[in-house]
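The sequence and the model come first.

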Amino acid sequence: MLAPAASSAAVRAAFLTVKDAADYLGLSPRTLYVWRHRRQGPPSFRMGPRGRVMYRREALDAWIREQEQADSRSNLALNPLSVDPQQRSRPSA
């Protein structure tokens, strides 16, 4: 069984506050608040009696992977330069 200090450290590592999540992503906390209000960005939830906004570290990592796959510079299948150019059709007279 984990000691209380180890258990507490594991919880802190798994769940991040808005500030910690912003630091982890290299963003400002305000950006995360705006995204949350617009229902954009990584998934978040409220936790505890005060209803603090929290992020799961694993959800942030999954969201980052999704962003990489949606970006044509990271996903060769989306890169327009990896597709053969289309031939223009000549207008029929």
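Contact here means heavy atoms within 4.5 Å. The model is predicted.

**Helices H2 and H3**

In H2, the residues Val-18, Lys-19, Ala-21, Ala-22 and Leu-25 are in contact with Pro-29, Leu-32 and Tyr-33 of H3. Sorted by class, this contact holds seven nonpolar residues, one charged residue and no polar ones. Two packed helices are described by the angle between their axes and the distance between the axes. For H2 and H3, the axes come within 8 Å and cross at roughly 105°. An angle of 65 to 115 degrees counts as roughly perpendicular, and H2 and H3 are therefore roughly perpendicular to each other.

The helices named in this report cover these residues:

| Helix | Residues |
|---|---|
| H2 | 18-25 |
| H3 | 29-37 |
| H4 | 57-70 |

**The loop between H2 and H3**

Ser-28 sits in the loop between H2 and H3. Its relative accessibility is 32%, so Ser-28 counts as partly exposed. Ser-28 and Val-18 are 10 residues apart along the chain, and their C-alpha atoms are separated by 9.0 Å.

**Helix H4**

H4 has 14 residues and reaches 20 Å from its first C-alpha to its last, close to the 20 Å expected at 1.5 Å a residue. Which residues of H4 are buried? They are Ala-59, Leu-60 and Trp-63. Seen down the axis of H4, the buried residues fall within an arc of 100°, so they line one face of the helix. Their cover includes strand S1 (15-17), H2, H3 and strand S3 (52-56).

Notes
Residues numbered from 1 in each chain as written. Predicted model: local features only at pLDDT ≥ 70, side-chain atom pairs only at ≥ 80, totals over all residues. Heavy atoms only, no water. Axes fitted to C-alpha atoms, helices over the stretch in contact; angles between N-to-C directions. Helix = DSSP H or I, 4+ residues; strand = E, 2+ residues; numbered from the N terminus. Parallel < 35°, antiparallel > 145°, perpendicular 65-115°, else oblique. Nonpolar A, V, L, I, M, F, W, Y, C, P; charged D, E, K, R; others polar. Expected span 1.5 Å × (residues − 1). Buried < 20%, exposed > 50% of the residue type's maximum accessible area, 1.4 Å probe, protein only. Arc of directions from axis to C-beta.
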